[in-house]
Amino acid sequence: MSVNPVESQLRQQQLRVLRRKWLKDQELSPREPVLPEKKLNAVDRFWANFLQKNSVWRRYTFRTYNLGVQAVTRILIPAWIVHYFVKYHMETSPYSVVYQKPRLYPGDVIQETGHVIPPFQEPSGGHHH
């Protein structure tokens, strides 16, 4: 069985045309894929509306966040540093920070309470353990 060269060329041309058509059909248009509309529950609807560009809630949330960050970085942290410095590095009142307790001897008066230290009682018996 011999194949006619003209028929072979015609068959090859038909295959090329079909292949091109098939490849062209594989391209998606800008409107594709067409998906069914998704039903949103109440929470998803809230977030979809909340996260829209330039929504009122989004602007107020962003503004509140920025004010919170500024309050922490410009007020709370510096106030804590100043408080720490004043409390531990500036002794304006006596007994604000005690580095070493003073020695107490019998007869001394404790300034905070006004109590007098009683005299020391030596144990009787004369022997040590």
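Predicted model: local features only at pLDDT ≥ 70, side-chain atom pairs only at ≥ 80, totals over all residues.
Exposed means over 50% relative accessible area, and buried means under 20%.

**View 1**
Start at the N terminus and follow the elements: they run α-α-α. The chain has 129 residues, and 2% of them count as buried. Its accessible surface comes to about 13500 Å². Carbon and sulfur atoms account for 60% of that surface.

**View 2. Helix α1 covers residues 5-26.**
How many residues does helix α1 have? The count is 22. From the first C-alpha to the last, helix α1 reaches 32 Å. That is close to the 32 Å expected at 1.5 Å a residue. How many of the residues of α1 are buried? The count is 0, and α1 is hardly covered.

**View 3. Lys24 and Glu27 form a salt bridge.**
Side chains of opposite charge can pair when their charged atoms come close. Here the closest N and O atoms of Lys24 and Glu27 are 3.6 Å apart. The cut-off for a salt bridge is 4 Å, so this pair qualifies. A search of the whole structure finds 1 salt bridge. Is Lys24 buried or exposed? Lys24 has a relative accessible area of 55%, so it counts as exposed. Glu27 is exposed as well, because its relative accessible area is 52%.

**View 4. Asn54 and Ser55 lie in the loop between α2 and α3.**
Helix α2 spans residues 42-50. Phi of Asn54 is near 60°. This is a positive value in a residue other than glycine. Asn54 counts as exposed because its relative accessibility is 63%. Now turn to Ser55. Is Ser55 buried or exposed? Ser55 has a relative accessible area of 12%, so it is buried. A polar atom of the Ser55 side chain lies 3.2 Å from the backbone nitrogen of Arg58.

**View 5. Helix α3 bends by about 35° at Val72.**
Helix α3 runs over residues 56-89. It has 34 residues. Between its first C-alpha and its last, α3 reaches 48 Å. This is close to the 50 Å expected at 1.5 Å a residue. Where is the bend? Find Val72 along α3.

**View 6. A nonpolar surface patch includes Val72 and Leu76.**
What is the area of this patch? It comes to about 820 Å². Val72, Ile75, Leu76 and Ile77 contribute, together with Trp80, Ile81, Tyr84 and Tyr88. Val72 is also where α3 bends. Leu76 lies in helix α3 too. Why does Leu76 count as exposed? Its relative accessible area is 54%, so Leu76 is over the 50% cut-off.

Conventions
Residues numbered from 1 in each chain as written. Heavy atoms only, no water. Patch = residues over 30% accessible without salt bridge, like charges linked within 9 Å, V, L, I, M, F, W, Y side chains within 5 Å. Areas by Shrake-Rupley, 256 points an atom, 1.4 Å probe, with all protein chains shown as cover. Salt bridge = Lys/Arg side-chain N within 4 Å of Asp/Glu carboxyl O. Helix = DSSP H or I, 4+ residues; strand = E, 2+ residues; numbered from the N terminus. Buried < 20%, exposed > 50% of the residue type's maximum accessible area, 1.4 Å probe, protein only. Expected span 1.5 Å × (residues − 1). Bend = angle between axes of the 7 residues up to and from the residue. Polar contact = N/O pair within 3.5 Å; in protein donor to acceptor, adjacent residues only side chain to side chain.
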